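Student: I have a model to look at today, and I would like to go through its contacts with you. Could you help me read it?

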Amino acid sequence: MVQDRQKFYLELLKSEISPALGCTEPAAAALGAAYAAKELGMVPEKIEVSVSQYIFKNGMNVGIPGTGMTGLDIAVALGAVSANPQKELLVLEDLTREQKAKAKEMILAKKIHIGIAEVSEKVYVKVDVTAGDNKASAVISRNHKNLTLLMKNDRVIYKEEADKLESVKNACAGNDEVYDITLWEIVAFAESLPAEQLEFLKEVIVLNKGIALEGLENEYGLKVGRSILENNKSGLIATDVANYAVAMTAAAADARMAGCNKPVMSTAGSGNQGLTATIPIVSIGYKLAITEEKILRGLAISILLTVHTKHYLGRLSVLCGCSISAAMGVSCGIIYMLGGDYQQMQYAVNSMVADISGVVCDGAKPGCALKIATAVTSAIRAANMALSGTGADSHDGIVHKEVERTLENLGILGNKGMIDTNKTILNIMLENQRKVTE
């Protein structure tokens with residue numbers, strides 16, 4: 001691989017992983033509130049928040065670390081009280097008891113209003129804060145920590161440059177002259193890069209393995225991960241390498257979705273995608289005594305392929321990114337660690353699309369661990385089939401023999417074929433919430 005392309009993929013890999021505490025959608029809302037409150041210069045008396053349908057959906061039922069509460073309103077309150085935007089997606093970390101109490105007081109006093117914005121952006125948060133005659137606003141859009149606008153008293157403090165915005169829009173629109181990432185190049189990059197340049201991925205292992213062990217050792221959420229390993233009660237599930245990897249990944253999601261106060265390393269803006277794209281690689285590598293270098297290269301493939309698929313589906317999607325994007329990455333990372341090749345990775349991606357391409361996202365919540373367990377099982381099965389020289393092909397539904405065409409078809413399914421599905425899911429969730437509170 002030529003040096004310029006190698007540098008490009010290395011920078012992409014580094015830019016698409018980021019430590020995050022709590023679900024990244026509430027964290028993005030908290031970050032927006034932190035930017036606005038810091039600019040205001042005082043604790044807000046009133047906060048108005050507008051978010052995309054996708055942010056709203058993913059913030060409804062997920063636990064907020066250190067609070068015992070769920071929802072966007074407490075996340076926004078905590079962000080406003082901390083006023084610490086430099087922490088980015090760790091904005092909810094290390095808050096004091098007094099700050100948490102103040103945030104809860106704001107909720108009880110009904111100082112925060114959350115609404116749904118009519119915007120095309122899937123990642124969109126606008127926070128308006130006021131105190132006396134002063135007001136400030138912040139907008140986060142396109143990715144979970146990307147500040148695009150900051151204002152105080154109608155004066156623009158920061159606005160994203162027009163040329164940068166146009167460049168991003170072209171890339172997101174699939175302009176072939178801008179977007180030329182392929183699975184083949186991802187594999188070539190991971191195989192050719194000097195091993196020492198992947199050392200930074202060790203932090204991914206430490207953070208994500210840490211929350212997985214937390215989920216196995218304690219009772220969080222639906223206890224999906226723990227139940228897989230507690231096979232002695234029923235004898236239904238064996239503790240083999242595959243199920244160990246599934247259990248570790250599901251346990252991490254159990255803990256995170258329940259509001260565990262441990263950070264994770266996110267991938268492409270999602271903590272659960274980060275967990276799904278990495279923990280199976282690390283778990284299988286450990287169980288099969290694979291060298292650290294191969295594990296790190298497998299992680300690079302998994303993370304970059306996850307990012308690659310998000311180009312077609314979008315940062316947030318009606319389709320579950322963990323079940324589809326991250327699990328595809330895992331399947332290819334496993335194949336690499338076990339000595340497989342590019343052709344076998346194509347088999348695996350196609351098999352994954354033939355298998356679980358219809359898994360929908362109905363918000364962040366404890367049940368995400370169930371979908372993640374299903375996805376990792378599918379990823380391991382697809383890898384095993386591919387290593388045996390078989391996989392889905394163009395006779396299997398939306399699958400195409402060329403992997404990028406398969407991903408393009410998947411994007412068409414999610415973005416065009418299911419255009420009204422996200423609104424339908426959100427309406428069902430809101431109706432369920434209304435019935436519970438009646």
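Predicted model: local features only at pLDDT ≥ 70, side-chain atom pairs only at ≥ 80, totals over all residues.

Student: Over the ring of which residue does the charged end of K14 sit?

Tutor: Residues are numbered from 1 along each chain as its sequence is written, and side-chain values use heavy atoms, without hydrogens and water. A charge sits over a ring if NZ of Lys or CZ of Arg is within 6 Å of the ring centre and within 35 degrees of the ring normal. The charged end of K14 lies 5.3 Å from the ring centre, and the ring belongs to F200.

Student: At what angle do the axes of helix 1 and helix 7 cross?

Tutor: Helices here are DSSP runs (H or I, at least four residues), numbered from the N terminus. Their axes are lines fitted to C-alpha atoms over the stretch in contact, with angles from 0 to 180 degrees between N-to-C directions. Helix 1 (residues 3-15) and helix 7 (residues 183-192) have axes that come within 10 Å and cross at roughly 95 degrees.

Student: Which residues of helix 7 make that contact?

Tutor: Contact means heavy atoms within 4.5 Å. Helix 1 brings R5, Q6, Y9, L10 and L13. Their partners in helix 7 are E185, I186, F189 and S192.

Student: Is Y9 buried or exposed?

Tutor: Buried means under 20% relative accessible area, exposed over 50%, and partly exposed in between (1.4 Å probe, protein chains only). F8 is partly exposed at 31%. Y9 has a relative accessible area of 0%, so Y9 is buried.

Student: What kind of aromatic pair do Y179 and Y312 form?

Tutor: Rings of Phe, Tyr and Trp (its six-membered ring) pair if their centres lie within 6.5 Å; planes under 30 degrees apart count as stacked, over 60 as edge-to-face and the rest as tilted. For Y179 and Y312, the centres are 6.3 Å apart and the planes are at 85 degrees, making the pair edge-to-face.

Student: How many of the residues of helix 4 are buried?

Tutor: Helix 4 covers residues 72-82 and is largely enclosed by the rest of the structure. Among its buried residues are L72, I74 and S82.

Student: What is the relative accessible area of T276?

Tutor: T276 is found in helix 11 (residues 271-287). Leaving aside residues up to four places away in sequence, T276 touches T249, C322, A326, A327, V330, I372 and V376. T276 is buried, and its relative accessible area is 0%.

Technical notes: Helix = DSSP H or I, 4+ residues; strand = E, 2+ residues; numbered from the N terminus.
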